[in-house]
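Subject: Structure handover and findings

Dear colleague,

Please find the structure below, followed by notes on what turned up in it.

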Amino acid sequence: MTTKTTWPLVRVLRDRDAGLYLSGVVVSGFGTSALWLASGVWVKDLTGSNGLAALCMLAMWVPTLAGPLLGTLADRGRRKPLLIGVNLLLGALLLTLVSVDAPGDLWLLYAVLFVYGAAGVVHEAAESALVATAVGPSLLGDFNGLRMTATEGMKLLAPLVGAGLYAAYGGASVALLDAATFVLATGVYALLRVREEKPAPDRGGRRRRSAAGARHLWAHPVLRPLVLAGGATMLCAGLNGAMVYAVVDGLGHSPAYAGVLYAVQGAGSVAVGLLSGPALRRLGPRRFGAYGIALLALAVALRAVPSDPVALVCSAAIGAGLPAVLIATLTSVQRETPGALLGRVTATAHTLVYTPNVAGLAAGAALVELVGHRPVLVALGVALLVTAAALCAPPAGAEAGPRR
């Protein structure tokens, strides 16, 4: 067996543009993950309020609801200059946070985080579209898997660095670190060798342009079941996430033990990212996604068992199972969508897949108090198995969808 087949990382890094993209993801993802934790701690230290600290994540997340509208920006011009401009904008905005040192300054932090989230939606859409242009179709699965690995790896490392930097030098130092990562990412994107044609003017109205991504997703026989399965899976993942402290309590540990479970889950996500390219080629996107959801179903249901070894194994399995449908969906969107629509379709797919996660978190917080975590976890396992079965048995002709 050749190295090219065995090691997806080598396949990606041998491709100049794919390697540069991956470097940009690692650099900017490191800064984002560091700021994600530090911003909440910053607000908590200034105000003593848990609610105000939680608003940091809300400010960054709310713009994703406008994904179909924001995604149109990624289709109205060349994506490489847009990525460079977005990175420079975010770097400059983060510099303004050095003046935040009192509760009365928090409006600026929230405003920057809101713009940060909105720019992130545009950045994600433009990046996905440009990746599909610059990276060969045979490498897309490998690239998206390694992108997931890099993102999860940064979530394991960057918050620790951000927390240490915050403790030593304060919140402004973390903002400066994040700004520096965006400047570095700008340099990486500037090195890309991508030829882009200027998009033809879209003569439809703004509402019609924004809805084009949703129409494409709904009409496409490959993408629609993947997006629906992804949304259902993330809804269940949100409900499962709300149970974590009840699971820890059932094991007889302090709440801090949740950090151990999350670390093990992150390790599982890193592992599946390395294997997703070969798995996608061998199984196809629907079966790969369905098998991942089935693994997630078993792991979620078995979390009801009050055992430390079982809890650790389940956390690793959750980390390995959950990303499968997400990687399969993003890769299929890139392969099955015309370039002129790719920004809108990507942003719309992200909104439809990730928004249910927040609804699941909110519903789970109520259910865990009403009925306890064990019945909920078993019910989630059944629901996820039904989702996996539906995705694994697609309608006739689903593989025949138009490709880019």
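Which ring does the charged end of arginine 224 sit over? The ring is that of tryptophan 218, and the charged end of arginine 224 is 4.9 Å from its centre. The criterion is NZ of Lys or CZ of Arg within 6 Å of the ring centre and within 35 degrees of the ring normal.

Some ground rules before the rest. This is a predicted model, in which local features need pLDDT of at least 70 and side-chain atom pairs count only at pLDDT 80 or more, while totals for chains, interfaces and linings use all residues. Residues are numbered from 1 along each chain as its sequence is written, and side-chain values use heavy atoms, with hydrogens and water left out.

Salt bridges

The structure holds three salt bridges (a side-chain nitrogen of Lys or Arg within 4 Å of a carboxyl oxygen of Asp or Glu). As a general point, side chains of opposite charge can pair when their charged atoms come close.

Glutamate 124 forms a salt bridge with arginine 147, with 3.1 Å between the closest N and O atoms. Glutamate 124 lies in helix 7 and arginine 147 in helix 8, so this pair ties together parts that are 23 residues apart in sequence. Helices here are DSSP runs (H or I, at least four residues), numbered from the N terminus. Glutamate 124 counts as partly exposed because its relative accessibility is 22%; arginine 147, at 16%, counts as buried. The cut-offs are under 20% relative accessible area for buried, over 50% for exposed, and partly exposed in between (1.4 Å probe, protein chains only).

Glutamate 127 also forms a salt bridge with arginine 147, the closest N and O atoms being 2.7 Å apart. This pair links distant parts of the chain, with glutamate 127 in helix 7 and arginine 147 in helix 8, 20 residues apart. Glutamate 127 is buried, as is arginine 147.

Arginine 281 forms a salt bridge with aspartate 142, and the closest N and O atoms are 2.7 Å apart. Arginine 281 lies in helix 13 (residues 258–283) and aspartate 142 in helix 8, so the pair ties together parts that are 139 residues apart in sequence. Arginine 281 is partly exposed, with a relative accessible area of 40%, whereas aspartate 142 is buried at 0%.

Aromatic pairs

There are three aromatic pairs in the structure. Rings of Phe, Tyr and Trp (its six-membered ring) pair if their centres lie within 6.5 Å; planes under 30 degrees apart count as stacked, over 60 as edge-to-face and the rest as tilted.

Tyrosine 21 and phenylalanine 143 form an edge-to-face pair, 6.2 Å centre to centre with 80° between the planes. The pair links distant parts of the chain, 122 residues apart: tyrosine 21 is in helix 3 (residues 16–47) and phenylalanine 143 in helix 8 (residues 137–169). Both tyrosine 21 and phenylalanine 143 are buried.

The rings of tyrosine 116 and phenylalanine 182 have centres 5.7 Å apart and planes at 75°, so this pair is edge-to-face. Tyrosine 116 lies in helix 7 (residues 106–134) and phenylalanine 182 in helix 9 (residues 171–190), so the pair ties together parts that are 66 residues apart in sequence. Tyrosine 116 and phenylalanine 182 are both buried.

One aromatic cluster is formed by Tyr21, Phe143 and Tyr189.

Helix 14 (residues 285–302) has 18 residues and reaches 26 Å from its first C-alpha to its last, close to the 26 Å expected at 1.5 Å a residue. The expected span is 1.5 Å times one less than the number of residues. Among the buried residues of helix 14 are Pro285, Phe288, Ile293 and Leu296.

The 29 residues of helix 15 (residues 308–336) should span 42 Å at 1.5 Å a residue, and its end C-alpha atoms are 43 Å apart, which agrees. Helix 15 is mostly covered, with 21 of its 29 residues buried.

Glycine 85

Glycine 85 lies in helix 6 (residues 79–95) and counts as partly exposed at 36% relative accessibility. Glycine 85 and histidine 123 are 38 residues apart in sequence and 9.6 Å apart in space, C-alpha to C-alpha.

Regards

Conventions: Helix = DSSP H or I, 4+ residues; strand = E, 2+ residues; numbered from the N terminus.
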